[in-house]
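Please keep the viewer open while reading.

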Amino acid sequence: PEQQYAIVVDTNRSRLYLYRNDGGQPRYVADYYISSGKNGAQKTREGDQKTPIGVYHVTASLPQDKLPDFYGSGAFPINYPNDWDKRHGRSGFGIWLHGTPSDTFSRPPRASDGCVALSNNDLDTVAKYVQVGQTPVIISEGVEWVNINDWSEERDAFLGQFEQWRTDWESLDTERYLQNYSRKFNSGGQNFASFSRAKRMVNANKDWIKLSLSDLAVFRNPGREGVVVVTFDQDYRSSNLSNTMKKRQYWMREGNRWRIVFEGAA
């Protein structure tokens, strides 16, 4: 609910789409011409002049008077490389949404060093809807529009498994809980085996667990892996420990169900 708008970038069509959050459903607002990386998309390393593909979030707002003229009327950095990028060894930094030099109205479709560049007028319009720390920026090589019923069915099926993960954790049945995690799980230096050992030890010393989740955001990660990115506020209470945190998980489709391949603080 706190994410009022979302930005979707289609690098193949050189378009940026702005969507409004209407009770959890995306509603189209407008679209704008953009320029992206000189060498295309799928950024993997620093200096490759490619635009990254993935689910990102705006991390700051940089005003015009703090920037060289090259960036136009302002810039919005995004969190590339994100956790999924780092897992795959992708490097680089300084990926922004930004404007164009004062003597330029717009740039060719592929003209940036990896950033997403808009005309200054369009950037100024989009800027009105950007919430630093909140607004998701989904960058893809192609956007596919689906039937609302198919979209709802897929979302509901995933949310059912997400809720199962929550109740399995509360159950203190550690083996049932671990069924929600992929054997490919890797996070914070832990693989599935070390994560499982740690969870068995921790849960063995607990009498009860209560888990409350709020401000849930769910986005399909662009690409071929079949990954969903989930961000939420977690309120964890147990017989011997309590804490709150903003958490991010990456779920991957394995057979007929989803499993967690990464989780950590957002």
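**Strand pairing and aromatic contacts**

Pro-63 has Gly-74 in S7 as its bridge partner. The model is predicted.

**The four-strand sheet**

- S6 and S7 run antiparallel and are joined by two bridges.
- Both belong to an open sheet of four strands, ordered S6-S7-S8-S10. The pairing in this sheet is mixed.
- S6 and strand S10 (116–117) are the edge strands. Each has a single partner strand, so one side of each lacks a neighbour in the sheet.

**Strand S1 and its partners**

- S1 covers residues 5–10. S1 pairs with strand S2 (residues 15–22) in the antiparallel sense, over six bridges.
- Asp-10 has Arg-15 in S2 as its bridge partner.

**Burial of S1**

- How many of the six residues of S1 are buried? Six of six are buried, and the strand is mostly covered.
- In a regular strand, side chains alternate between the two faces of the sheet.
- In S1, Tyr-5, Ile-7 and Val-9 point one way. Ala-6, Val-8 and Asp-10 point the other way. Residues on both sides are buried.

**Aromatic pairs**

- The count of aromatic pairs comes to 21.
- One of them joins Tyr-71 and Trp-96. This pair is tilted, with 4.9 Å centre to centre and 45° between the planes.
- What does the pair tie together? Tyr-71 lies in the loop between strand S6 (62–63) and strand S7 (74–77), and Trp-96 lies in strand S8 (residues 96–98), so the contact links parts that are 25 residues apart in sequence.
- Is Trp-96 buried or exposed? Trp-96 has a relative accessible area of 18%, so this residue is buried. The cut-off for buried is under 20%.
- Tyr-71 has 22% relative accessibility and so counts as partly exposed.

**Aromatic cluster**

- One aromatic cluster includes Phe-158, Phe-162, Trp-165 and Trp-169.
- Among its other members are Tyr-177, Tyr-181, Phe-185 and Phe-195.
- Phe-232, Tyr-236, Trp-251 and Trp-258 also belong to this cluster.

Key:
Residues numbered from 1 in each chain as written. Predicted model: local features only at pLDDT ≥ 70, side-chain atom pairs only at ≥ 80, totals over all residues. Heavy atoms only, no water. Phe/Tyr/Trp six-rings, centres within 6.5 Å; stacked < 30°, edge-to-face > 60°. Buried < 20%, exposed > 50% of the residue type's maximum accessible area, 1.4 Å probe, protein only. Pairing = 2+ DSSP bridges.
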